[in-house]
Amino acid sequence: MELTYLFFLSSGLFLGWSLGANDASNIFGTAVGSKMVKFSTSAIIASIFIVLGAVISGEGASETLGDLGAVNALAGSFMVALSAAFSVYWMSRIGLKVSTSQAIVGSIIGWNLYAGKQTDWTTMLEIVGTWTTCPLIAGMVAIFIYLIVKKLIKTSKIHLLMQDQITRIGLIATGALCAYALGANNIANVVGVFVKSCPFKSLNFGNVFTLSPVQVLFLLGAIAISVGIFTYSKRVIMTVGNNLMKMSPMVAWIVVVAQAVVLLLFSSQTLHDWLISVHLPAFPLVPVSSTQAVIGAIVGIGLIKGGRGMNWSIVGKIVAGWVTTPLMALIICFISLFFLENVFNQVVYIP
């Protein structure tokens with residue numbers, strides 16, 4: 001059973017690789033593009049903290065994704081992940097930033113349609129709502145921090161060289177935090193559809209700590225993300241880091257901070273429970289798009305600067321990719337499920 005599971009899980013690992021190739025730019029794209037951090041340094045730091053975030057804090061968002069569509073057959077999970085991975089990979093090949101969150105949602109809806117399952121529209125609206133609120137919140141946070149930092153720089157007497165050094169340290173520290181948040185929030189996109197059929201056993205590391213079966217699954221997914229970062233992310237990093245808008249080191253840091261804030265808002269179980277305990281609206285624990293967060297932050301700062309220096313044609317292409325990606329994943333998944341069931345005689349759903 002485990003060998004069969006690992007074979008089907010390969011599509012989820014491919015999706016993890018695609019996420020790493022595409023979304024590493026959300027963590028360190030601005031830092032590398034502004035030449036404050038080397039690509040190799042950023043890849044190592046991002047990989048370490050993505051693994052930690054996925055293993056320690058990854059279960060919250062994966063439960064919500066499971067509510068959208070409970071994929072109940074292993075072959076179906078395989079095709080859902082593969083369809084999303086192919087969509088993200090194809091977009092990455094042409095150098096466009098896309099949302100892995102949108103790709104997996106499109107694939108799950110494709111499975112729901114093929115299997116005749118009812119889509120949970122409450123969860124669906126909750127997730128789709130974040131596709132609008134995520135870039136808006138990131139943009140507002142970025143503008144707020146930008147105005148404060150700009151005022152502090154004007155009133156401070158810190159030498160420019162010291163400012164650069166502080167910014168470099170800030171980019172690395174914030175990038176690590178952002179990588180942790182990405183692992184915690186987006187591991188659900190990578191292997192969330194495989195959680196219900198997970199056959200792994202707990203993994204003990206002496207008397208130090210123990211990984212649950214689901215955490216072992218998340219560890220494999222996070223390693224796949226790390227491989228994607230090292231092998232294929234540099235091209236997309238340069239698209240966000242250089243081509244979208246030329247950024248000073250300080251602006252690059254602000255973009256990363258804004259993104260980290262948004263990812264943590266939508267993945268912190270502690271914050272979610274606290275807001276509910278004090279009778280305030282809580283942010284839903286859903287996998288949000290780090291791509292949308294970073295683009296929203298960059299556009300927010302671009303607008304506060306009067307729109308100067310923004311490459312609006314690239315912004316338009318990216319937004320078009322956000323619309324195209326879930327539709328592409330849905331269509332690919334629906335058609336592929338037909339062939340998987342009728343040509344390869346696989347059980348893709350259980351009635």
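Select S267 first. Its relative accessible area is 13%, so S267 is buried (buried means under 20% relative accessible area, exposed over 50%, partly exposed in between, with a 1.4 Å probe and protein chains only). This is a predicted model: local features need pLDDT of at least 70, side-chain atom pairs count only at pLDDT 80 or more, and totals for chains, interfaces and linings use all residues. Residues are numbered from 1 along each chain as its sequence is written, and side-chain values use heavy atoms, with hydrogens and water left out.

Stay on S267. The residue sits in the loop between α10 (249–265) and α11 (269–277). Helices (H or I, at least four residues) and strands (E, at least two) are DSSP runs, numbered from the N terminus. Now show L263. Its backbone oxygen is reached by the side chain of S267 at 2.4 Å.

Next, select helix α3, residues 59–68. Which of its residues are buried? They are G60, A61, S62, T64, L65 and L68. Colour the partners: these buried residues pack against α2 (39–57), α5 (100–115), α6 (121–155), α7 (160–191), α8 (213–232) and α11.

Go to H279. This residue lies in the loop between α11 and α12 (290–304). Is H279 buried or exposed? H279 is exposed, at a relative accessible area of 74%. Check its backbone too: phi of H279 is near 60°, a positive value in a residue other than glycine.

Move on to N345, in the segment after α13 (312–342). N345 also counts as exposed, at 63% relative accessibility. Its phi is positive, about 55°, although N345 is not a glycine.

Now zoom out to the whole protein. There are 13 helices and two strands. The radius of gyration is 20 Å, close to the 20 Å that the globule rule gives for 351 residues, so the protein is as compact as a globular protein of that length. That radius is taken over C-alpha atoms, and the rule is 2.2 Å times the number of residues to the power 0.38. Along its principal axes, the C-alpha trace spans about 70 × 50 × 45 Å. Of the 351 residues, 56% count as buried.

Residues 24 or more positions apart account for 85% of them.

Notes: Contact means heavy atoms within 4.5 Å. A polar contact is a pair of N or O atoms within 3.5 Å; within protein, one must be able to donate a hydrogen and the other to accept it, and residues adjacent in sequence count only if both atoms are side-chain atoms.
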